[in-house]
Amino acid sequence: MPQTDLADEQSPEPEITEVSDEQSPTPEITEGTTDAPDTGITENTADPAAERLDAPGPKQPGRVRRFLRHRWISRGLTVLACLIVFAALLYPNVLKRLTPGSFTRIPVEAAIGIAVLIALPRRPRRVTAALGGVVLGWVVLEKCLDMGFFQVLNRPFDPVLDWVLFDDAYDFVHESYGPAGAFGAVAAIVLLVTVVLGITTWATLRVTTLLGEDRRKSAFTAGGIATAWALSLAFGIPTVLPHVPLAARTTLSYAWDRASQARDGIRNEAAFAREVKVDAFQNVPPTQLLTGLTGKDVMLTFVESYGRNAVEAPNLAPGVDPVLQAGTAKLKAAGFTSRSGWLTSPTFGGGSWLAHSTTMSGLWINNQSRYRNLTASTRLTLPSLFRSAGWDTVSVMPGATRAWPEGNFYGFNRVWDSRNLGYTGPKFSWAPMPDQYTLKKFSEVEYTKAGRKPLFVEMPLVSSHTPWAPIPEFLDWDQVGDGSVYNGIVANQPTKAEIWTASAKVRKEYGKSIQYTVTTLVDWITKYGNDNLVMVFLGDHQPSPVVTGDNASHDVPITIVAKDPAVIDRIASWNWTDGIKPATDAPVWPMNTFRDRFLTAMSEGSH
């Protein structure tokens, strides 16, 4: 039986005799026959050599990959990766430092990183580089958060305590710019995080490949960077920026600061757990509390973003101060007496609830952790102390759009918010309703009710909340109605997009918002306030740095207004300024001291 599947080297090579055409008879082929004539030799149909020639070779790289592998393009990408790592190591966390001069420094972290990577075998080196790229990207993102926090809250981002603020930030964007704006903001953040982490990881891996090609040269590079850095530090060589040394340890210092911040946060929680238990009024009988205010309606009113700059800054005071002076005169003509001073707020540019809780609890609440621990405690607050002394306690929260369980902690019997105040008009950016509507509605549902008990009321007014556009107009009180009258007013006001093109425009509109709220508040007191009214109104915090600029204080004005002069006599020793505009040299107290000072002045035996 003939073999039909043998390799070439296994088949004996037959002897071939050369013949001419004449000597080689052509076999006769019958028409219709498909088989070749039998030659006596079986054809090997599986030729391995032919198979190797016909088999596909290795896959060729595509055009993009061939382009990227081009010598000059590859070198360019490597240089780009080095620049990215270099820039990430020097990236600042304050917006005004984001200048070319900040990147003309020598980062010591580069020398350390090179030394670590070249000391590792190939696989651990690449794993370490990838992790390092992620960490480096995360540090850049945290510095971007710092920039935003400095611009809004005048402080850096706290990586331990501030994550909860993103929920409030989302609500602010949603309420100010609508669902599309909120979705766009979230999408932009996700894209930014992905791009930054991807780019820094790619860059560190590419640089690591370069370092592994010649460890000796890489070691010399690390040594050169370290030497240049040490000499620059020793001789104090500056950069092109004044007071900025050439030797940089930006990333190491930043990481150390953040670790210290986390450690301090843990210690702070332990310290707060001790603070919250110490209360000078914990064992005071209710019959001895607030006797100087018996029968009085006491209102604690926070004016959003009403800071010291509104009263004293040259670009704001010319608009605000005449309103304060006119308000003082109007109150005096109506038989009211007023005194004003300064409090130092625990927050800046935002975080109003921290200021509210500080004022009412007598504790320094400057971060979310302390706020959570406070509201989970049994600490006595101004509302709870007033309630125990016989007052009916009410909170009016026009900015609240959902349930507020903290109201139970503070000791409020009722909470009025944007859902039950009956407003049918348009929103004013973040503010669900104008302050004039809030005060008018409060008069209807609480203040003018017959046969009621004396009230203690906490009321944050929100028309001066960022972004300060559009701003309501002050109306005749009889025109306010259900709020629908404001539809035409909103249509004639500048939009956020129009005013947020320049800081000067923003400051101007902020000043207008303070003028509106102060005008509204004073007019409500003179129109609706009875002989038993005691009004305490104060700012919660300064506006954001876009209004105040850098290095502004945390001070806010505070004013007490009363029809009964005996109430004002009880605070005579405070040396506050006559009127609703505090003098520059009026006393400045930490905001957390107000509760105890007020309780002491208004309680038995203090007069």
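## Helix packing

Helix α5 (residues 122-153) packs against helix α6 (residues 165-213) at an angle of about 145 degrees, their axes 8 Å apart. Helices here are DSSP runs (H or I, at least four residues) and strands are E runs of at least two. Angles run from 0 to 180 degrees between N-to-C directions. The crossing of α5 past α6 is right-handed. By class, this contact has 17 nonpolar, eight polar and two charged residues.

This is a predicted model: local features need pLDDT of at least 70, side-chain atom pairs count only at pLDDT 80 or more, and totals for chains, interfaces and linings use all residues. Residues are numbered from 1 along each chain, and side-chain values use heavy atoms, without hydrogens or water.

Arg125 lies in helix α5. Arg125 is buried, yet has no salt bridge. Buried means under 20% relative accessible area, exposed over 50%, partly exposed in between (1.4 Å probe, protein chains only). A salt bridge needs a side-chain nitrogen of Lys or Arg within 4 Å of a carboxyl oxygen of Asp or Glu. The nearest side chain of opposite charge, Glu213, is 9.7 Å away.

## Salt bridges

The count comes to 25 salt bridges. Lys96 pairs with Asp550, the closest N and O atoms being 3.5 Å apart. The pair ties together parts that are 454 residues apart in sequence. Lys96 and Asp550 are exposed.

Lys581 and Asp321 also form a salt bridge (3.2 Å, N to O). Asp321 sits in helix α10 (residues 317-333). Asp321 is buried at 11% relative accessible area, while Lys581 is partly exposed at 30%. Asp279, Arg379, Arg595 and Asp596 are linked in a salt-bridge network.

Key:
Left-handed = near helix turned anticlockwise from the far one by under 90°. Nonpolar A, V, L, I, M, F, W, Y, C, P; charged D, E, K, R; others polar. Lys, Arg positive; Asp, Glu negative; His and termini not counted.
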